[in-house]
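Dear colleague,

I am handing over the structure we spoke about, and my notes on it follow below. Please read them alongside the coordinates.

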Amino acid sequence: MKFALDYPLRDAYRAKAYSWKRPLICFPIIYVFLNAGASIPALMSFVTAGSVFAVHRVVAFELPLLGARFVKIRFLSCLLLPPLAGLAAAFIEKVFQIEI
């Protein structure tokens with residue numbers, strides 16, 4: 001079963017930004033998505049998005065301590081990382097023909 005998402009990298013990024021960040025919760029979810037047919041690039045984007053941008057971290061630490069200007073600059077500078085990680089995973093998967 002494949003997910004019928006038009007933009008899997010974008011949707012994975014959005015899902016991870018608002019999901020739980022702890023590995024005990026995150027990686028079982030990723031395992032379920034993988035077994036349900038999600039692509040490796042989408043899952044790579046999901047993991048990377050959680051590493052670079054987390055809403056709870058912004059609200060609890062960055063915004064009150066560092067200010068809105070810092071949060072805006074960091075968000076814009078990190079915006080392309082998860083899709084690039086997904087595209088890199090797609091490239092590696094295709095070039096090296098890695099199957100799971």
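Which residues in helix 3 meet which residues in helix 6? I40, P41, M44, S45, T48, A49 and V52 in helix 3 are in contact (heavy atoms within 4.5 Å) with L81, P82, P83, A85, G86, A89, A90 and E93 in helix 6. By class, this contact has eleven nonpolar, three polar and one charged residues, where Ala, Val, Leu, Ile, Met, Phe, Trp, Tyr, Cys and Pro count as nonpolar, Asp, Glu, Lys and Arg as charged, and the others, Gly among them, as polar.

Please note that this is a predicted model, in which local features need pLDDT of at least 70 and side-chain atom pairs count only at pLDDT 80 or more, while totals for chains, interfaces and linings use all residues. Residues are numbered from 1 along each chain as its sequence is written, and side-chain values use heavy atoms, with hydrogens and water left out.

Helices here are DSSP runs (H or I, at least four residues), numbered from the N terminus. The axes of helix 3 and helix 6 (residues 81-95) come within 7 Å and cross at roughly 150°, the axes being lines fitted to C-alpha atoms over the stretch in contact, with angles running from 0 to 180 degrees between N-to-C directions.

In helix 3 (residues 40-52), the buried residues (under 20% relative accessible area, 1.4 Å probe, protein chains only) include P41, S45, T48, A49 and V52.

Best regards

Note on methods. Helix = DSSP H or I, 4+ residues; strand = E, 2+ residues; numbered from the N terminus. Expected span 1.5 Å × (residues − 1). Buried < 20%, exposed > 50% of the residue type's maximum accessible area, 1.4 Å probe, protein only.
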